[in-house]
Amino acid sequence: MKKIAVLYGGVSSEREVSLNSGKAMIDNLDKNKYDVIDFRIDSKDDIFKLDKDIDLALIGLHGKFGEDGSIQAVLETMGINYSGCNPLTSGILMDKNFTKIIARENGVKTANWAIVKSVDAIDYDKIDEIGYPVFIKPNSGGSSVATNLVKSKDQVESAVIEALKYDDIVMIEEYIKGIEHTSFILNGEVFPTIRITSDHEFFDYEAKYSTSNGAREEVVELEESVAKTLENTSRTCWDIYNCRGYVRADYIITEDNQVYLLEINTLPGMTETSLIPKSAKARGIDYSGLLDKLIESAEI
């Protein structure tokens, strides 16, 4: 019987989401197949208490010291196999600025943007060039924490101040009007696309994780040409970032069917309302079966 340690909790602003992801993983792992170890991380040095005599660390962490490559590097140093992308890929994809630079260099559409490291460094002329409204958010954040849709110059400074509470770099990004879609990619295979709509102005934290006031998420069949573009873009992203195991790529599709990459999540949410389980279910794979596949993806 394989010994699987579920790593969850962590020290980032996304800890609450990770606690829910970890609980769902632990509850749904097949106890007839796996010896499941509940390994909650409450401080960074907790990872050194992990028994090296396990077959796999199934990572349910989100945000810093989870998705940024740090814990992956520690696990590699300890000689412990783990799920998901390697430290370099994780670090690059955690950084929205690096992600967008590499995407654009490889012909992947992504919204115009700028970065800022302090309130004094805000370039209002550059923002005017991008055009309002803009999203202002932590460069390496997730789960839409401290993400604000800013519609005028007088709102910029407060949004930057808020984002700087969570990161040293803030991204100011063009607002692309369209509908958000997400693509689950497992070992390079693109799973069914999910369309996300919400009564909120954008897919914010509450829309993502609320069980009562959340977004509407449905598996969709896109027009053939759009579906092909999205699938090809997802495969391109898988290759150019040297992904491993599984990731989730998020997009905006405009009214004229242009596909814009938003970001790529190397450790996507695995809560009861998360997108990956819904995409897998559309392929006839239940939650337990999905976890089997995530474990298998780490063994290839």
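Which residue in E3 is the bridge partner of Ala 5? The bridge partner is Ala 57, and you will meet its sheet again below. Please keep in mind that this is a predicted model. The chain holds 10 helices and 13 strands, and its domain assignment gives three parts to explore: domain 1 (2-83), domain 2 (92-108 + 177-297) and domain 3 (113-174).

**The whole chain**

- Along the principal axes, the C-alpha atoms fill a box of roughly 60 × 45 × 40 Å.
- A compact globule of 300 residues would have a radius of gyration near 19 Å, and the chain agrees with this, at 19 Å.
- Buried residues account for 55% of the 300 residues.
- If you take contacts between residues at least 6 apart in sequence, 67% of them join residues at least 24 apart.

**The parallel sheet**

- E2, E1 and E3 form an open sheet of three strands, in the order E2-E1-E3, with parallel pairing.
- E2 and E3 stand at the edges with a single partner strand each, so one side of each has no neighbour in the sheet.
- Ignoring direction, neighbouring strands here are turned by 25° against each other on average.
- Four bridges join E1 to E3, and the pair of Ala 5 and Ala 57 is found between these strands.
- Helix H1 lies across E1, E2 and E3 and runs at about 155° to E1.
- Helix H2 also lies across E1, E2 and E3, running at about 175° to E3.

**The antiparallel sheet**

- Four strands make another open sheet, in the order E4-E7-E5-E6, and their pairing is antiparallel.
- Which strands stand at the edges of this sheet? They are E4 (113-116) and E6 (148-150); each has a single partner strand, so one side of each is left without a neighbour in the sheet.
- From one strand to the next, the twist averages 25°.
- E5 (residues 134-138) and E6 run antiparallel and are joined by three bridges.
- Within this pair of strands, Ile 136 stands opposite Asn 148 in E6.
- Helix H4 (residues 96-105) lies across E4, E5 and E7 (170-174), at about 150° to E4.
- Helix H6 (residues 156-164) packs on the sheet and touches E4, E5, E6 and E7, with its direction at about 25° to that of E5.

**Nonpolar cores and the domains around them**

- In soluble globular proteins, nonpolar side chains tend to be buried together.
- The largest nonpolar core here has 42 residues, and the members that touch the most others are Leu 7, Ile 47, Leu 50, Leu 58, Leu 75, Phe 184 and Leu 294.
- Several elements each supply at least two residues of this core, including strand E1 (2-9), helix H1 (15-28), strand E8 (179-186) and helix H10 (287-297).
- Why does this core lie between domain 1 and domain 2? Both domains give residues to the core, so it lies between them.
- Leaving aside neighbours within four places in sequence, Leu 50 is in contact with Ala 5, Leu 7, Phe 39, Leu 75, Met 78 and Ile 80.
- Another core, of 21 residues, lies apart from the largest one; among its members are Leu 93, Val 108, Cys 237 and Ile 253.
- The C-alpha centres of domain 1 and domain 2 are 22 Å apart.
- Where these domains meet, 25 residues of domain 1 are in contact with 18 residues of domain 2.

**Backbone details to look up**

- The peptide bond from Tyr 132 to Pro 133 is cis, with omega near 0°.
- You can find Pro 133 in the loop between helix H5 (124-130) and E5.
- Phe 65 is not a glycine, yet it has a positive phi of about 55°.
- Phe 65 lies in the loop between E3 and H2.
- Is Phe 65 buried or exposed? Its relative accessibility is 9%, so Phe 65 counts as buried.
- Asn 242 is another residue other than glycine with a positive phi, near 55°.
- Asn 242 sits in the loop between helix H8 (224-240) and strand E12 (246-253), and is partly exposed, with a relative accessible area of 48%.

Definitions and conventions:
Residues numbered from 1 in each chain as written. Predicted model: local features only at pLDDT ≥ 70, side-chain atom pairs only at ≥ 80, totals over all residues. Heavy atoms only, no water. Pairing = 2+ DSSP bridges. Axes fitted to C-alpha atoms, helices over the stretch in contact; angles between N-to-C directions. Contact = heavy atoms within 4.5 Å. Core = buried A, V, L, I, M, F, W, Y, C linked by side-chain atoms within 4.5 Å. Buried < 20%, exposed > 50% of the residue type's maximum accessible area, 1.4 Å probe, protein only. Domains from an automatic or database assignment. Rg over C-alpha atoms; globule rule 2.2 N^0.38 Å.
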